[in-house]
Each structure stands twice: as C-alpha cells, then as structure tokens.
Amino acid sequence: MNLLKETKEILKQNNKKIEDIRWIGNNIYFVDIEKFIEIANVNYNDDFGSSKVAEDLLIVGDNWWLERHEYDGSEWWEYKTIPIMPKEKLELKALTINQAKNLGFDVSCGWESLEGMGVWGFN
C-alpha cells in the first residue's frame with residue numbers, strides 16, 4: 001500500500017483534498033504538510049502482522065480528522081467528524097455492565113452499547 005495514495009483516496013471518498021488539511025502530526029507535535037506529502041509517498045505492508053505506519057498519526061481539517069486504526073496489524077485510515085449534538089435528551093442510568101446489572105437490566109458480559117444495555121430513560 002502507498003501511504004500517500006491511501007491518504008488521498010480516503011480524502012477523496014469524503015469529498016476532501018490535500019488543500020483541505022489544516023495540520024498533520026499527533027497530540028504533541030505538528031509537521032510540515034509538504035514534508036508529509038514527500039515522505040508519505042512510500043509503500044508499506046498493510047496486511048496482517050504488525051502496524052507499519054506511526055499509530056498516533058493524525059491529519060486534521062476543519063471539523064474532521066483522519067486517524068490510524070489497525071486490527072491484528074492490518075491498518076487503515078478512519079475518517080472522523082465532530083458529532084452533531086442530538087435534539088432529544090435522555091436520562092442516563094448506567095455506564096458499565098455492573099451498574100446495569102445492579103439496576104436489574106438484562107445485559108451480557110460485555111461489548112454493550114448504552115442503548116443495548118437498556119439503560120436509557122426519558123427525562
């Protein structure tokens with residue numbers, strides 16, 4: 001996989017282009033966008049094994065960003081946007097499986113969503 005080609009493709013899929021990037025880096029440092037473009041024109045193995053691209057790499061625009069994700073070494077960009085606040089307010093009952101169980105909700109041993117736990121109640 002070519003990192004620059006992959007980056008341009010995910011931008012294109014989300015109606016963005018290189019010119020829409022505000023900054024590149026991580027939570028501590030930023031790098032020159034031109035230098036990133038130069039260095040990102042590199043091939044890497046995106047298949048299973050271990051990740052090859054810096055896992056904390058971020059590409060940030062206005063109200064969106066790309067972050068690296070991986071599963072068992074297979075890696076990719078994920079496009080993220082700032083969530084829009086819902087119009088409907090709900091009263092939260094629990095955040096953990098144990099809290100939900102203590103309140104008498106029928107939940108599994110894990111991997112539950114707030115809605116899946118049945119822990120929402122109308123305010």
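Mentor: Two strands are taken to pair if DSSP finds at least two bridges between them. Please keep in mind that the model before us is predicted.

Trainee: With that definition, how many bridges join β4 to β5?

Mentor: There are eight, and the two strands run antiparallel. As one example of residues facing each other, glutamate 67 stands opposite glutamate 78 of β5.

Trainee: In what order do the five strands form the sheet?

Mentor: The order is β2-β1-β3-β4-β5, in an open sheet with antiparallel pairing. The edges are β2 (30–31) and β5, each of which pairs on one side only.

Trainee: Which strands does α2 lie across?

Mentor: Helix α2 lies across β1 (23–25), β2 and β3, and runs at about 55 degrees to β1.

Trainee: Let us turn to the other helix. Which residues of α1 are buried?

Mentor: A residue is called buried when its relative accessible area is under 20%. In α1, residues 3–13, this applies to Leu3, Leu4, Glu6, Thr7, Ile10 and Leu11. They lie on the same side of the helix because they cover an arc of only 165 degrees around its axis. Lys5, Lys12 and Gln13, on the other side of α1, are exposed.

Trainee: What do the buried residues of α1 pack against?

Mentor: They pack against α2 (33–40), β3 (58–61), β4 (64–71) and β5 (74–81).

Trainee: Which residues touch the most other members of the largest nonpolar core?

Mentor: The general idea is that nonpolar side chains tend to be buried together in soluble globular proteins. Here the largest nonpolar core has 17 residues, and Ile21, Ile24, Ile59, Leu66 and Trp77 touch the most other members. At least two residues of this core come from each of α1, α2 and β4. Its largest share, four residues, is supplied by α1. Leaving aside residues up to four places away in sequence, tryptophan 77 touches several residues, including Leu3, Glu6, Thr7, Ile10 and Leu66.

Trainee: Why does phenylalanine 36 count as buried?

Mentor: Phenylalanine 36, found in helix α2, counts as buried because its relative accessibility is 9%. Leaving aside residues up to four places away in sequence, phenylalanine 36 touches Thr7, Ile24, Val31, Leu57 and Ile59. Phenylalanine 36 is 22 residues from leucine 58 in sequence and 11 Å from it in space, C-alpha to C-alpha.

Notes
Residues are numbered from 1 along each chain as its sequence is written. This is a predicted model: local features need pLDDT of at least 70, side-chain atom pairs count only at pLDDT 80 or more; totals for chains, interfaces and linings use all residues. Side-chain values use heavy atoms; hydrogens and water are left out. Buried means under 20% relative accessible area, exposed over 50%, partly exposed in between (1.4 Å probe, protein chains only). The arc is that of the directions from the helix axis to the C-beta atoms. Contact means heavy atoms within 4.5 Å. A nonpolar core is a set of buried Ala, Val, Leu, Ile, Met, Phe, Trp, Tyr and Cys residues joined through side-chain atoms within 4.5 Å. Axes are lines fitted to C-alpha atoms, for helices over the stretch in contact, and angles run from 0 to 180 degrees between N-to-C directions.
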